[in-house]
Amino acid sequence: MAAGGFTATLGRAARRTAAAIVACFRRGLSAEEVEARLAARSLADQAAVVAAVLGALFLTSLLFAQAGPVGFFLFLLLVIVVVG
């Protein structure tokens, strides 16, 4: 694996995940279109968008975690409904 290969792979995976979540709320766009628009931005903008989306996902998971196992399963159900 080349130097920075793991970081690049992790960045692409995070960008795809963020694009899929954003595409769920923008019904007119597919995840591929959102990812293409995101890839066209500067690295700083990409990092900001990905960090904001994944941060919101993390904060949502903490909110649902307050309800214990039931909240955990509701959060997983929410993720499945949103992304699926």
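This is a predicted model: local features need pLDDT of at least 70, side-chain atom pairs count only at pLDDT 80 or more; totals for chains, interfaces and linings use all residues.
1. On the helix 3 side, the contact residues are Leu-57, Thr-60, Ser-61, Phe-64 and Ala-65. On the helix 4 side, they are Gly-68, Gly-71, Phe-72, Leu-74, Phe-75, Leu-78 and Val-79. By class, 8 of the residues in this contact are nonpolar and 4 are polar. None is charged.

2. The geometry of that pair comes next. Helix 4 runs over residues 68–83. Its axis and that of helix 3 come within 7 Å. They cross at roughly 145°.

3. Helix 1 spans residues 5–25, and helix 2 spans residues 31–39. Their axes lie 8 Å apart, at an angle of about 125°. The crossing of helix 1 and helix 2 is right-handed.

4. Which residues make the contact of helix 1 with helix 2? Helix 1 supplies Arg-15, Arg-16, Ala-19, Ala-20, Val-22 and Ala-23. Helix 2 supplies Ala-31, Val-34, Glu-35, Leu-38 and Ala-39. The class count here is 8 nonpolar and 3 charged, with no polar residues.

5. Look at helix 2 on its own. Val-34, Glu-35 and Leu-38 are buried there, meaning under 20% relative accessible area. They cover an arc of only 100° around the axis, so they sit on the same side of helix 2.

6. The face turned away from the buried side carries Glu-32 and Arg-37, both exposed.

7. Finally, the chain as a whole. The protein chain has 4 helices and 0 strands. Along the sequence the pattern reads α-α-α-α. The C-alpha trace spans about 40 × 35 × 20 Å along its principal axes.

8. The protein chain has 84 residues, and 21% of them are buried. Take the contacts with a separation of 6 or more: 36% of these join residues 24 or more positions apart.

Methods. Residues are numbered from 1 along each chain as its sequence is written. Side-chain values use heavy atoms; hydrogens and water are left out. Axes are lines fitted to C-alpha atoms, for helices over the stretch in contact, and angles run from 0 to 180 degrees between N-to-C directions. Helices (H or I, at least four residues) and strands (E, at least two) are DSSP runs, numbered from the N terminus. A crossing is left-handed if the near helix is turned anticlockwise from the far one by less than a right angle, and right-handed if clockwise. Contact means heavy atoms within 4.5 Å. Ala, Val, Leu, Ile, Met, Phe, Trp, Tyr, Cys and Pro count as nonpolar, Asp, Glu, Lys and Arg as charged, and the others, Gly among them, as polar. Buried means under 20% relative accessible area, exposed over 50%, partly exposed in between (1.4 Å probe, protein chains only). The arc is that of the directions from the helix axis to the C-beta atoms.
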